[in-house]
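This report sets out selected features of one protein chain. The sequence and the structure are shown first.

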Amino acid sequence: MTAPTKESPSAAEELPKRNPTRWLVLGVICLAQLTVLLDNTVLTVAIPSLTEEMGAATSDIQWMINAYSLVQAGLLLTAGSAADRYGRKKLLAAGLALFGIGSLGAGLSETTGQLIAARAGMGIGGALLMTTTLAVVVQVFDEEERAKAIGLWGAVGSLGFAAGPLIGGALLNHFWWGSIFLINLPVAVLGLLAVLKWVPESKNPAGERPDLLGALLSTVGMTGVTFAIISGPGEGWTSAQVLVSGGVGVVVLAAFAVWERRAPYPMLDMQFFRNRRFVGAVSGSILVAFGMGGSFFLLTQHLQLVLGYDPLQTGLRMSPLALVIIVLNLTGVGARLLPKVGTPVSIAGGMGLLAAGLAAIAVLGADGYGGMLFGLVLMGTGIALSMPAMATAIMSAIPPEKAGVGAGLNGTLQECGNGLGVAVLGAVLNSRFAALIPAVAAGAGSLPAALAEARTDADRVAIADAFATGVHTSQLVGAAAVLAGGLTAALLLRRAERAQ
């Protein structure tokens, strides 16, 4: 008789805590997130157009992608801390406005330098959006529904991956490349109006102040290291430019770690890294983002520059990856599987499938799309299983009052992983391409530039084969890194669970 008496008040008390409009709020949050993700994926299919129309070399393209990622990664933790203190709704609205303004500047750019600067400006708005969307989800949904909500949040991210190449391909077939940025404007306006009307305000008045020095140190450090990786193949790994920028980056990142341990209001509490569950989720998140960012950078070039598809055809052929993620997350497969098999198994299995997909694309997709399709389906299945599990593990290891910081950390890991994936796998591609390219095209910075130097059909075939081999090698490197990350993350999480 006593058990029902104890349980029924608990159940009755739990119901009022649930926001009755929480699913509507989730829809608004996902619309705001979609604004950021559309931009990243739309840009990938425009790489050949930018290469030809703006004379952009591979390193320029990498900076167009990494300028956004590095600025965003450097500011995410600060943005999350500010959201906790000053209000997540306010900063979510500000992020949409800034992102829209940056998109307008990018669409009207006339040089590669202007476009890179506009992308960096968009990174500021993106930092505010990425932190506040996940933080609001954590605040609005309780533990029982949170895994499902995060899965749907991740599904919308995949929708951005699917819709971005399709929208980008359609726009590039009819308009100039600047239209891929201007398409963000209506989405940003709709998202801003919806946020102001429906998203509830939430904040922690006692939250820490933004750590501006920490943001500066992390941004400078990441920029130095990534610049060294991008410049290495062209300038030489032992050149002064590469050694100085890489050395400065490492030193500044070390200073960032020291500062965070002593700062009165640290952007990142270094004590979190003593939590094995947290460390396991962190390592897995970085490697999944590494594989995703790098593989998309390579796939779009392979489909267009090697196999000869136009932008719209490329978008259509990349969409199965995202569609698999959307279907599995919308049907709740990952959310239902997680409590049954546990976080370590979900992450290890998911990242193992992701690695297998990358390897399948490298081995089976070299000469046609059939092998790529099989690899994309494997990748989508792996991401659908592992990403929600890792996001839930990271957020559950951080106090609820620091949800903004937790979301900022999760976003930082993804952006760092994406940026490093593009930089490292792009560097592997460039190195391999430069080593195999015929003498007639030696020194060319991109495939179109090398083909322009070709004198015979045999030279063109040799150049195309060299580029395809570079893509193959890069994909295998990415697959190995993702597999190692998955096994490491699963091992750390398993040990953490046993210790608890």
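## The aromatic pair

The model described here is predicted. Phenylalanine 433 has a relative accessibility of 5% and therefore counts as buried, since buried means under 20% relative accessible area. Phenylalanine 467 likewise counts as buried, because its relative accessibility is 4%.

The count of aromatic pairs comes to one. Phenylalanine 433 and phenylalanine 467 form this pair in an edge-to-face arrangement, with 5.6 Å from centre to centre and 90° between the planes. The pair links distant parts of the chain: phenylalanine 433 belongs to helix 17 (residues 403–436) and phenylalanine 467 to helix 19 (residues 457–499), the two being 34 residues apart.

Phenylalanine 467 also takes part in a separation of another kind. From phenylalanine 467 to leucine 305 there are 162 residues in sequence, while their C-alpha atoms are 9.0 Å apart in space.

The structure holds one salt bridge. Its partners are aspartate 457 and arginine 460, whose closest N and O atoms are 3.0 Å apart.

How exposed is aspartate 457? Its relative accessible area is 58%, and a residue is exposed over 50%, so aspartate 457 is classed as exposed. Arginine 460 has a relative accessible area of 36% and is therefore partly exposed.

## A charge over a ring

A further contact involves arginine 317 and tyrosine 369. The charged end of arginine 317 sits over the ring of tyrosine 369, at 5.7 Å from the ring centre.

Helix 11 covers residues 240–262, which makes 23 residues. From its first C-alpha to its last, helix 11 reaches 33 Å, close to the 33 Å expected at 1.5 Å a residue. The buried residues in helix 11 include Val242, Ser245, Gly246 and Gly249. Val252, Phe256 and Glu260 of helix 11 are buried as well.

Which residues make the nonpolar surface patch? Leu213, Leu216, Val220, Val244 and Val248 make it, and its area is about 410 Å². Helix 10 (212–235) and helix 11 are the elements that give two or more residues to this patch. Helix 10 gives the most, with three residues. Valine 220 is placed in helix 10.

## Buried residues and separations along the chain

Isoleucine 65 is found in helix 4 (residues 58–86). Its relative accessibility is 14%, and isoleucine 65 therefore counts as buried. Phenylalanine 297 is 232 residues from isoleucine 65 in sequence, yet the two C-alpha atoms are 9.3 Å apart in space.

Alanine 393 is located in helix 16 (residues 369–396). Alanine 393 is buried, because its relative accessible area is 1%. Between alanine 393 and valine 282 the separation is 111 residues in sequence and 8.9 Å in space, C-alpha to C-alpha.

## A buried tryptophan in a loop

Is tryptophan 177 buried or exposed? Tryptophan 177 has a relative accessible area of 5% and is therefore buried. Its place is in the loop between helix 7 (143–174) and helix 8 (179–182). Along the chain, tryptophan 177 and glycine 107 are 70 residues apart, and their C-alpha atoms are separated by 7.8 Å.

Conventions: Residues are numbered from 1 along each chain as its sequence is written. This is a predicted model: local features need pLDDT of at least 70, side-chain atom pairs count only at pLDDT 80 or more; totals for chains, interfaces and linings use all residues. Side-chain values use heavy atoms; hydrogens and water are left out. Helices (H or I, at least four residues) and strands (E, at least two) are DSSP runs, numbered from the N terminus. The expected span of a helix is 1.5 Å times one less than its number of residues. Buried means under 20% relative accessible area, exposed over 50%, partly exposed in between (1.4 Å probe, protein chains only). Rings of Phe, Tyr and Trp (its six-membered ring) pair if their centres lie within 6.5 Å; planes under 30 degrees apart count as stacked, over 60 as edge-to-face and the rest as tilted. A charge sits over a ring if NZ of Lys or CZ of Arg is within 6 Å of the ring centre and within 35 degrees of the ring normal. Patches are made of residues with over 30% relative accessible area and no salt bridge: like charges are joined within 9 Å, nonpolar side chains (Val, Leu, Ile, Met, Phe, Trp, Tyr) within 5 Å. Accessible areas come from the Shrake-Rupley method with a 1.4 Å probe; for residues, only the protein chains shown count as cover. A salt bridge is a side-chain nitrogen of Lys or Arg within 4 Å of a carboxyl oxygen of Asp or Glu.
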